[in-house]
Amino acid sequence: MISLRGTVAAPPSKSEALRLLLGSALTRKGASVSCGAFCSDVAALCSCLRALGWCVTETEREISCSPDGIFSGTLFPGSSATVYRFLMPVCAALGKKVIFYPDEQLKKRPMEALFSALSSHGVTIEEKDGISVSGQLLPGDYSLPGDISSQYASGLMFALPLLDGDSTLTFSTPSQSSGYLDLTVSVLDRFGIEMRKTETGYFIAGNQRYHSSAPLRPEGDWSSASCLLCAALCRGKIQITGLNPDSLQPDRVLFELLPLTLENSAVCAKSAPLSPLSVDVSNCPDLVPALAIIASGAKGTSIFTGAKRLRYKESDRLSSIVCVINTLGGLARIEENTLIIEGRGKLNGGTVDPQGDHRIAMMALCMQVLCDTPVTVTDLDCINKSYPGFLRDLNLLEESI
C-alpha cells in the first residue's frame, strides 16, 4: 500500500490548450500558445493544422501557428474527438475539401448529429476509406442535441463566425456540460469573437474576424489533476500548483465537492475521513473516474447520476469504471445511466486493462492507495492523450507505507 506526498505542477489544461491553438490558427497572422508537456491530443491538432496549410512550430514551451504552410487536406485526428469535432465544421466554413482518418477508437464515438447539421447546411460528407468533407458551410439555423457532446456545439462556435451571414445554434435536448461551452465562449472572446446567449442556445453573427490575443497560456488542468487529488484524500498529503479554483473548467467543481484547500497558491489534498458521495455528474463526466477512487475508499454507497455520456468516451467509461473496481476487489454496478459503488474502505489489487482510456488508466494506478497488493495496468501509453507526465508525477509522489 502507498500514500502520496509532495508537490507537483498541474499539466496545462487540454481543453483550453486545444481551443487556444485553434483560435490562434484562425487569426490572419497566426499566434503562439505558451505551455509545456503537450499531450497527444494537442499533437494531433498540430498535425491536422499543418495538413490544412498552417506552418506549426513546436518548442518545449511554445507552439506557434502562421498561415504560410502547405495544404494537403489529409487529416489524422488520432483518438481525439475534440480535434475531430472542432475541425470538421471549421474546414467546412473555410471551404476546404479534406479527408479525415480517425483511428479505430475514434470511429466508434458518435458523430451522426454533427454530420446531420453540416449536411443540411451545404456540406457533403462521404464515408469511404476515410471521412470526406467538401462544400461550403452556409449560415442559418442549427439544431443539435445537448445530451451527447458539447464538442459539436463548440466546433460550430469556432466555425459560424467565419461565414458571410448570421446563424443561430439551438439545443433540441437540455444542454449538458454547459461549462465547456462557457469555456469555448471565453476563449473566443479573447480572439475578438462575439456571440449572444439566448433562451434556447446562441446567436452568432457572421463576418467576424479572429484577432491575435496575448498571452495565450492555458491554466492547469483540473481534469488531469483530479485522480491525484482524490488519491491523496484517501491516503497522503499533496499540493498541486497551477490550478485556478475560480476557473471556467467544469471539473474545477471538484474544489466544491471535496475537502480540498488552497495553501500557498496551491490546491492541497490531505487524508480525511471519507463519506459516500451522491453527485449528478451530467456537467462533469470526466471527474467520475477520480470520484470513483473516493467512493471505493469510503464505507457506504455512492451514487453518480446523469452518467449517460460516459458511455461515449474513449471507452464505455461507465462499464470500464465498474470493471476496474470489481477487478480490484470492490463492488460497483450500473443501473441505467447511474453508477453505484458500494465502498468497502479498501481494495485488493490486481491487473487492469484500461480499454485504451487515459482516465481509466490513471484511476486504476491511483487506486493503489487503497490496495494491499500491487495494481498493474496493461496499457500505459494511453495516458499520453491528456497527461504525458502523469507517471513521472505519480512516482515522485508515491511513498510506501
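**Salt bridges in the predicted model**

Glu-314 pairs with Arg-317 in a salt bridge, with 2.6 Å between the closest N and O atoms. The model is predicted, and its salt bridges number 20. Side chains of opposite charge can pair when their charged atoms come close.

**The Glu-314 and Arg-317 pair**
- Glu-314 is buried because its relative accessibility, 10%, is under the 20% cut-off.
- Arg-317 is buried as well, its relative accessible area being 1%.

**The Asp-41 and Lys-14 pair**
- Asp-41 and Lys-14 form a salt bridge through their side chains, at an N to O distance of 3.2 Å.
- This pair connects distant parts of the chain: Lys-14 belongs to helix H1 (residues 14-25) and Asp-41 to helix H2 (residues 40-51), 27 residues apart.
- Asp-41 has a relative accessibility of 2% and counts as buried.
- Lys-14 is likewise buried, at a relative accessible area of 10%.

**The Lys-346 and Asp-372 pair**
- A salt bridge joins the side chains of Lys-346 and Asp-372, with 2.8 Å from N to O.
- Distant parts of the chain are linked here, as the two residues are 26 residues apart.
- Lys-346 lies in the loop between strand S19 (338-344) and strand S20 (350-352), whereas Asp-372 lies in the loop between helix H12 (358-366) and strand S21 (375-377).
- Lys-346 is partly exposed, with 42% relative accessible area.
- Asp-372 is also partly exposed, with 43%.

Terms used: Residues numbered from 1 in each chain as written. Predicted model: local features only at pLDDT ≥ 70, side-chain atom pairs only at ≥ 80, totals over all residues. Heavy atoms only, no water. Salt bridge = Lys/Arg side-chain N within 4 Å of Asp/Glu carboxyl O. Helix = DSSP H or I, 4+ residues; strand = E, 2+ residues; numbered from the N terminus. Buried < 20%, exposed > 50% of the residue type's maximum accessible area, 1.4 Å probe, protein only.
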